[in-house]
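Dear colleague,

I am passing a structure on to you, and below it you will find my notes on what came out of it. Please read them with the coordinates open beside you.

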Amino acid sequence: MKRYPIRKKIQGMVLLLSIAALTITSAVGIICMMRIRSDSEKALTHQMEQSLRNLTSDKAQIASVELENYAQTVASFAQYIAGLYANPNDYPPRTVLPARKANAGILTMQRTLKDKSVKIDDIMKDMELLGNMEAVWRPEFATNKKIISSIFLGTESGLMLCYDTKSDLTPDDGKEVYYDHSKSKWYKLAKETGRTCFTDVYTDSFGFELTITCSAPFYDENGNFAGAVGMDILISNLYKAIVNIDLGNDAYAFLVDGSGRLIAPPDSKGMTAETIYQDKDIDTKISDEILSGSTGISLSSKRIYFAYTSIESTGWKFCVRIPESVILEPVRDVGRNVILTMVMFIIAFVVILVIVAVVAQRFSERLTTPIIELGRDVEEISGGNLDYRAEIYDNDEIGDLAKSFNDMAASLKDYIKNLAAVTAEKERIGAELNVATQIQADMLPRIFPPFPERKEFDIYATMNPAKEVGGDFYDFFLVDNDHLALVMADVSGKGVPAALFMVIAKTLIKNRTQMGGTPSEILADVNNQLCEGNEAELFVTVWLGILEISTGKVISSNAGHEYPAVYRKDTGHYELLKAKNSPAVATMEDMRFKQAEFTLNPGDNLYLYTDGVAEATDIHDELYGTDRMIDALDTTINMSVEDVLKAMRKSVDDFTGEAPQFDDITMLSLKYYGSKEMKI
């Protein structure tokens with residue numbers, strides 16, 4: 001077989017790959033550019049439609065929130081008025097004068113009467129009571145003076161109070177002004193619907209501007225309809241606040257009310273018609289879709305896009321108009337750029353091909369010589385001569401490879417020498433960790449039943465560390481003949497530091513508990529002792545409970561630990577005992593710990609655990625959670641305390657599957673029989 005030197009192979013391979021790569025790249029590039037040219041219009045149109053949908057949806061939501069704020073404000077006015085009627089003696093009388101031209105342009109409270117049959121003396125009490133609304137309306141008007149034109153109320157007794165600056169419209173200075181508010185749409189809507197509502201858009205009879213009114217009913221102390229309160233909102237200001245956006249030439253946004261009326265100030269660009277049916281740019285079919293649909297986008301016969309979305313609080317539609325020509329303007333630029341790019345790509349293809357052929361030849365010669373020499377050196381080293389060193393030609397990757405082979409030869413000698421020592425050290429550390437694991441396990445109660453002479457309760461506990469040693473611990477012991485202490489705790493961190501802190505914490509808690517006192521007092525003293533010299537800033541979450549065996553009464557204190565679960569025999573289910581938590585122990589000196597009480601009745605079970613149970617995760621990072629834990633506990637109600645913990649561990653393991661255990665899993669189960677229902 002004819003031998004081909006590696007130099008020739010590199011030359012041929014580089015040249016062939018270059019030609020193939022450039023050919024494929026050129027073909028793919030030309031095809032892609034052609035497709036870009038043909039698909040750009042579709043892509044731009046799709047992008048525009050999606051952008052318009054997002055824009056109308058976002059703006060409609062903003063408008064709905066803004067209008068809902070006005071509705072909530074008016075509703076709060078109605079509630080305040082109801083409070084005035086309910087407690088009239090709590091408010092001073094406020095006299096409200098008729099509108100006067102002298103107050104023109106000044107924000108003031110003024111009154112009107114329904115007609116001449118209404119006498120001031122008859123409504124004086126109502127007027128002086130409702131005059132207190134000025135104190136409520138003044139800050140609202142100051143906050144939203146660019147939106148609100150007037151705030152007012154009307155009563156069934158024929159009185160109307162207004163808070164605005166329109167005194168210059170009063171016909172007779174100083175005399176009573178008559179206006180039948182009961183015929184106004186805002187008043188009738190509030191009275192008939194019994195809720196806060198918006199009117200359709202109308203032309204304000206005072207300021208001659210497009211306006212909407214938000215009104216709400218109010219009731220007297222007997223629950224009878226007493227009148228309505230309203231707030232006028234100028235469309236021009238509302239439009240600027242929630243609608244006005246810059247979409248470019250010939251594109252704009254507008255509002256449409258439920259009857260199809262265009263809502264916009266008189267100076268809005270493009271808004272010449274009063275209703276969408278009068279707008280020549282909107283087809284009748286599109287107008288019907290806007291009024292009947294909740295959201296959508298359509299292209300009219302005049303090649304204009306109209307996108308719309310409903311505003312929930314009023315039933316209006318937020319609409320956007322944008323001509324198709326504005327969207328497709330970039331397509332022409334894309335076409336010219338595609339042709340220019342194709343020409344430049346062909347020229348670059350030819351130039352690159354020539355350069356590759358020359359460079360490939362020189363590169364192969366420069367590359368292969370050091371490789372051949374390195375191959376001979378490697379054969380010498382691989383033959384067992386670890387004292388041999390390869391010759392280094394250049395400061396490049398091949399030179400780095402030669403250095404690596406030299407370093408490998410030296411490292412192999414050192415590795416063979418140190419392997420035995422490392423292996424022995426690893427075995428020693430492993431043996432010490434095994435001893436530490438055994439010592440930690442021996443510190444926890446492991447003989448069950450722990451109190452075989454006591455028939456009032458059964459108890460069982462387990463601890464499975466995530467590492468060789470862990471920071472979780474449990475404990476239980478008799479404080480005296482009638483009190484059993486229960487401890488469940490979790491030290492921050494993992495491994496040896498947590499285990500050492502666990503030993504100290506467990507010892508302090510047990511010693512202090514045996515001295516007597518409430519759980520909160522015990523944890524306070526232990527907290528101060530653990531804070532001393534805690535340079536590692538470790539802390540421990542603790543649930544400490546003391547069971548009065550004769551009565552089943554439990555006094556507990558929870559320092560940042562998981563809520564315990566209790567089985568009630570009378571309900572047949574487990575539930576979490578959610579008492580107020582205190583901070584973890586050893587976080588800060590001189591802390592006070594909260595305390596709670598509950599009672600175990602004969603037949604009840606208590607289940608304590610650490611966060612290794614609730615926060616166990618499967619391979620999809622989903623948490624086991626307390627809801628799943630409670631469901632699993634409900635399947636164990638007829639089991640012994642030992643079988644309860646076995647079943648719970650199996651439930652956690654089945655959930656996590658192949659996912660590794662990241663945290664210590666510690667559990668304790670106690671079944672209370674009581675003195676009258678002691679176990680047999």
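Two strands are said to pair if DSSP finds at least two bridges between them, and the elements themselves are DSSP runs numbered from the N terminus, with helices being H or I runs of at least four residues and strands being E runs of at least two. The model is a predicted one, in which local features need pLDDT of at least 70 and side-chain atom pairs count only at pLDDT 80 or more, while totals for chains, interfaces and linings use all residues. Residues are numbered from 1 along each chain as its sequence is written, and side-chain values use heavy atoms, with hydrogens and water left out.

The chain holds 13 helices and 22 strands. Of its 680 residues, 43% are buried, where buried means under 20% relative accessible area, exposed means over 50%, and partly exposed lies in between (1.4 Å probe, protein chains only). Taking contact to mean heavy atoms within 4.5 Å, residues 24 or more positions apart account for 66% of the contacts with a separation of 6 or more.

I followed one run of strands in some detail. Strand β14 (residues 472-480) is joined to β15 by eight bridges, and the two run antiparallel, forming a hairpin with two residues between them. Strand β15 (residues 483-491) in turn pairs with β16 in the antiparallel sense over nine bridges. Leu486 of β15 stands opposite Phe476, and Leu486 also stands opposite Gly545 in β16, while Asp490 has Thr541 of β16 as its bridge partner. Seven bridges then join β16 to the antiparallel strand β17 (residues 553-559), with Leu544 opposite Ser557. The hairpin of β16 and β17 has four residues between the strands, and in this hairpin Gly552 takes a positive phi near 85 degrees. As for burial, β15 is mostly covered, eight of its nine residues being buried; strand β16 (residues 540-548) is largely enclosed by the rest of the structure, because eight of its nine residues are buried.

Elsewhere, an open sheet of five strands has the order β9-β8-β12-β11-β10, with antiparallel pairing. Its edge strands, each pairing on one side only, are β9 (262-263) and β10 (295-299). Within this sheet, strand β11 (residues 304-311) is joined to strand β12 (residues 316-323) by eight bridges, and Thr309 stands opposite Phe318 in β12.

Asp232 may also interest you. This residue is found in strand β7 (residues 225-234) and counts as buried because its relative accessibility is 6%. Its side chain makes a polar contact of 2.6 Å with that of Thr213, a polar contact being a pair of N or O atoms within 3.5 Å, of which, within protein, one must be able to donate a hydrogen and the other to accept it, and residues adjacent in sequence count only if both atoms are side-chain atoms. Leaving aside residues up to four places away in sequence, Asp232 touches several others, including Ile147, Phe152, Tyr202 and Thr211.

I hope these notes are of use when you go through the model.

With best wishes
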